[in-house]
Amino acid sequence: MTTISPEDVRRVVAQVVQATLAQAGAPASDPGGDGVFASMDAAVTAADAAYRAYLDCSLKDRARFVQVIRDVALKPEHLEHMARATVEETGMGNVADKIAKNRAAASFTPGTEDLITQAWSGDDGLTTVEISPYGVVGAITPTTNPTETVINNAIGMLAAGNAVVFSPHPRATKVTHWLIRELNRGLADAGAPPNLITTVTEPSIENTNAMIGHKLVRMLVATGGPGIVKAVLTSGKKAIGAGAGNPPALVDTTADIVKAAKDIVDGASFDNNLPCTAEKEVLAVAGIADLLKFEMLKHGAYELRDAALIARLADLVVDGRHAVTDWVGKDATAILAAIGVDAPAGTRLVIAEVPFDHPFVRVELMMPVLPIVRVRDLAEGMDKAVIAEHGNRHTAIMHSADVNALTKLAKRIQTTIFVKNGPSYAGIGIGGEGYCTFTIAGPTGEGLTSAKNFARSRRCVLVGGLNVR
Ligand code: NAD
């Protein structure tokens, strides 16, 4: 007897839906479907149809669909697959930390509870300001956190009532397609309108530009480097730009040095330093610099002391003002092996004491190579931390027991995230209080984005009634 699997049923239902959409004039997704379309126009048009159908869903429905996204992403086999497939496809990061990042995105990204209504009532009646969807959001995602950003953005954008078209980094196409298909299948099973989350078969800069310019895309959210942030900010549309960072970690003489050393190694080696929030340079006040390095070595740091080796490493991983892509997110042991150093097992971070004007400090490396700059005193450390951050207003870390010093640096550096006495990832809700995000909007000021940022304010005024005060 022939048996029919749930997968067969799903495929037949998908074919029927596609045929019905095609008859109704809506674009069909490519074979295999589930939100992946051959052209950007088709992806946007389908998302727009989904958004219009979504308007008829209740807030309870939205909450259910958000829960579906969490549940799909949190299946243990899915967490494992996303992490492995991403490392394999992008050649960046490590599996264990990617699992932690995806789990945090799925668990701690706010949902519909983020949408808070304001109300005024009085003799003249009742006025509310509610946050309401934009429609179709175009979201550009980075190669460094491909699935984390899709999970995080999809939860926030759908919670706010939008549909979303993703334009992923071309080097993370396969894993992003896999995730978008899984999410759409889960949403379809839960009765959501089809194509709330779409993308294109072949992500490219041309397709991203087509998305940016598409008339049905009402809002743009770019998570990436300066090029894409500039592209969305000059689009003439409502845009959120979440751009590059170069987070300094300042350690003063009052800090708990043993803890600071472990926190810095943990933060700077997390997913091989891919997060834009990860410590990218350390400024150590002279009195504690040796002890700090000594303690870091106990936690998996390897210190390069030889000037010729440091120079060889710089030649390998820095090209002018940029990190060499081939080395971004690679394991510390592989980076060391490439310059002829056989590092002990368990090495997860390369440290090197360098002058402040060294390229390791200036360039956003995004690899487990952490420069340490010795500074005379706290004042010099603060000055240099501000310069090293490049005015990105992204993330800074400080280890200190001096409340006044912590306050002073936080005020001077003006970063969106300021972590005190912890690893950098505490700033995105991993081991620190507060919700999680993978889209940290420094340039446009939304900060750690969530559903409320993917929505617009609308005022409803009822004159002369419903005031019971
Ligand atoms: P990237 O800028 O190379 O790519 C990001 C995305 O933008 C990709 O999808 C890419 O295809 C697209 N893109 C880039 N330039 C474009 C252009 N001119 N026109 C159209 N599309 C373009 O960055 P990446 O290497 O994927 O990610 C790392 C960068 O992103 C780092 O600078 C990091 O700090 C930053 N980042 C920031 C955040 C944040 O929340 N602020 C989060 C993650 C990564």
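How far does a backbone N or O atom of Gly-243 lie from a nitrogen atom of the ligand? The first view answers this.

View 1. A backbone N or O atom of Gly-243 lies 2.8 Å from a nitrogen atom of the ligand. Of the ligand's 840 Å² of accessible area on its own, the protein covers 86% (Shrake-Rupley method, 1.4 Å probe). The ligand is surrounded by 28 residues, and the closest are Thr-143, Gly-225, Gly-243, Glu-364 and Ile-440; a residue counts if one of its heavy atoms lies within 4 Å.

**View 2. Helices α4 and α7.** Two packed helices are described by the angle between their axes and the distance between the axes. Helix α4 spans residues 76-90 and helix α7 residues 173-189; their axes come within 8 Å and cross at roughly 155°. Axes are lines fitted to C-alpha atoms over the stretch in contact, with angles from 0 to 180 degrees between N-to-C directions. Helices are DSSP runs (H or I) of at least four residues, and strands are runs (E) of at least two, numbered from the N terminus. The two helices α4 and α7 are therefore roughly antiparallel (angles over 145 degrees). On the α4 side, the residues are His-78, His-81, Met-82, Ala-85, Thr-86 and Glu-89; they meet Thr-173, Lys-174, Val-175, Trp-178, Leu-179 and Glu-182 of α7. Contact means heavy atoms within 4.5 Å.

**View 3. Helices α3 and α6.** The axes of α3 (residues 59-74) and α6 (residues 146-159) cross at roughly 170° and come within 9 Å. This pair is therefore also roughly antiparallel. Arg-62, Val-66, Ile-69, Arg-70 and Ala-73 of α3 make the contact with Ile-151, Ala-154, Ile-155, Leu-158 and Ala-159 of α6.

**View 4. Leu-309 in helix α12 (residues 307-317).** Beyond neighbours within four places in sequence, Leu-309 is in contact with Leu-304, Ile-339 and Val-341. Leu-309 and Val-341 are 32 residues apart along the chain, and their C-alpha atoms are separated by 8.8 Å.

**Notes to the views.** Residues are numbered from 1 along each chain as its sequence is written, and side-chain values use heavy atoms, leaving out hydrogens and water. In this predicted model, local features need pLDDT of at least 70 and side-chain atom pairs count only at pLDDT 80 or more, while totals for chains, interfaces and linings use all residues.

Technical notes: Parallel < 35°, antiparallel > 145°, perpendicular 65-115°, else oblique. Polar contact = N/O pair within 3.5 Å; in protein donor to acceptor, adjacent residues only side chain to side chain.
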